Amino acid sequence: MPKSKNIVLKGVAASTGVAIGKAFLLDEDDFCLIYKKIPKNARASEKKRLDDAIEKTRQELKEIYNKINDILGENYAHITDAHILILDDPTMRRDVYKLIEDGANAEYAIFKVIGKIIRSFESIKDDYFKERKVDVQEVCKKILANLLGKQEKNLINLKENSIVVAHNLTPADTVTIREKLIKGFVIDIGGKTSHTAIMAQGLGIPAVVGLKVASSQIRTEDTIILDGNVGEIILNPSEEILEKYQKNYDKQYEQIKELKKLKDLSVETIDKHSALIFANIDNSGEVSTALNNGARGIGLYRTEFMYFNRNAMPSEQEHFEEYAKVVKEMSQYPTTIRTVDLGGDKFTKLGLLKLGQEQNPFLGLRAIRLCLKYPDIFISQLKGILRASAFGKVRLMYPMISGIDELRDANKILQSVKQELRKKNVSFDENMEVGAMIEIPSAAVIMDVIGKEVDFVSIGTNDLIQYTLAVDRVNENVANIYDPKHPAVLRLIKQVIDSAHKEKIEVGICGEMAGDPRYTAILLGFGLDEFSVSASQILKIKKVIRSVSFKEVKKVSDKILQCGDKESILKIMSTIQVH
Amino acid sequence: MKEKIITVSNRMGLHARPAAMLVQTANKYQSSVKIIKDDFDIDGKSIMGIMALAAGQGSQLKFIVDGPDENEVLTELESLFKSNFSE
């Protein structure tokens, strides 16, 4: 029968990337379990046989723990802790013993008891908890394999680029099969938070999960294109489609490989002018990705998520715990925590007075303005940030500063909070740097004044452009006017950098402009000290910086500042030499 | 014998890792630990029992501890919940 071509199966994108390879089916181990009556005088030794199998399984799990710990770190290895405890579960042991005492063989007893437990998991409504039955199944499988003296399947014999197809993959499988030839995982069950997904992300191997019946549809040797970005696989693609993907894949692979080489290299131009590349993050879960891409600091830690999906204000303790996690993980590198940047409407649900609809929310009561009007919100966040500062290098940053009075008022509150903590003997970093976002044109214009009272600034280009050009970027009727290349925007940025440098303070940009490689050279030429970008852009920006000459880009940038229209700016931009 | 109602406050609820931490704590003591949620009661030293409770954030669990070190085990369990299992 000819193979049908181009069958597309949709699942859940669990780990990004594209992979092409031959299917390697990892069969579910089918155990043939037969009830065997054990005579009375052999029941004690049957129990002993069970105990031995459990001990052997424990040794295997410990080895897996060490292996995961070596490759992915302790956080991932903790999954195995739960598995070891399942082995020792007193309820399970009691029930299994009882069946053996009544005359069942060990295999049947284990299977029967675990089967009952699994059924109780299956009746759980919450998907996340339901999925935990997989942990139970995995341990059961291992005990049975040891009882039956069966070898677990391994993939050491792979000979070509392969995509592992399985109904389910256990964390142990994921790690033990970390062969170079494994290019992707295709799994029937699971979601984005399943162990397989987390492990695949940690290993950087593309994966699509939740494909339901894929493993029964796919045969060994089928060619598979796995697209972990959109969460689909293409079975037996036609030459045409294969070629298209292969091209993309090769390109993507080469690019990533090239970029990854830059990870530990310094951020400096060919004439040794250095800059900083930091990461923007939204929560503590993003720190490891940032570090893996070579971030040497967090330039913008947005704290808005702390306030989402809840019915009460976050407590000081919650602020502290979340921030401390990031600060500890960043160890010697700085973490720039921005105080909350939300409008009043977002706080109504959290117990703040209903403030009513605002005509112009972007020009209304938000960010630092709201914090100054309702200091309680501000104070509990500041306390959390200060306490976290005891664990590493924290920089505090205020959003939406429009003039010096707001800065002073915010600092006054900060001082009183510090005083309170000192009195209570709560430790924090007395030298914590305090900075301002420069995202309102008025603040940019008086940078010389602000610069005397802050330790650093970071330009929020998204808002700066929006406010300078009076354009709402999400309004499609005017979105075309939104342009980082507008001469007014470029001059304003340059002016901020120069004024800040006169006051001997560092300037960063944490808006999207910093992460757009087209602008890297100009911003560098303006004298920008720090680029704070999303983790995926870090290496791209580093690549540009490492391939230009500071002397040259400075000249080009100066020329650009003379331009009055976009066309001439674009023309000059295109002359930048990349070495 | 001691009883106490504890609310699950960590974001992910009693999934695999918090359940493991709970059992590890309970195992350090001689006292028996029983956990009751809705109509279910399970052995607090049984990780599968705990995971099958499907106790998400906000669930109320009744702990019944009994034995020579019941005060100690209850105190340590409470602080484990308070610390949100270092989530």
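In this predicted model, 16 residues of chain B are in contact with 20 residues of chain A. Contact means that two C-beta atoms, placed from the backbone, lie within 7 Å. Helix H1 (16–27) and helix H2 (47–52) of chain B each give two or more residues to the side of chain B that touches chain A. Helices here are DSSP runs (H or I) of at least four residues, numbered from the N terminus.

Some bookkeeping. Residues are numbered from 1 along each chain as its sequence is written, and chains are lettered from A in the order in which they are written. Local features need pLDDT of at least 70, side-chain atom pairs count only at pLDDT 80 or more, and totals for chains, interfaces and linings use all residues.

Next, the cores. A nonpolar core is a set of buried Ala, Val, Leu, Ile, Met, Phe, Trp, Tyr and Cys residues joined through C-beta atoms within 7 Å; buried means that 20 or more other C-beta atoms lie within 10 Å of a residue's own, also placed from the backbone. The largest core has 90 residues, and Val496(A) is among those that touch the most other members. Helix H19 (residues 487–502) of chain A supplies the largest share, 7 residues. Leaving aside neighbours within four places in sequence, Val496(A) has contacts that include Ile438(A) and Val507(A). A second, separate core of 57 residues includes Ile38(A) and Leu53(B).

Last, helix H21 (residues 538–546) of chain A. Its buried residues include Ile538(A), Lys542(A) and Ile545(A). The buried residues of H21(A) pack against elements of chain A, including helix H10 (239–260) and helix H20 (517–526).

Notes: Buried ≥ 20, exposed ≤ 12 C-beta atoms within 10 Å, placed from the backbone.
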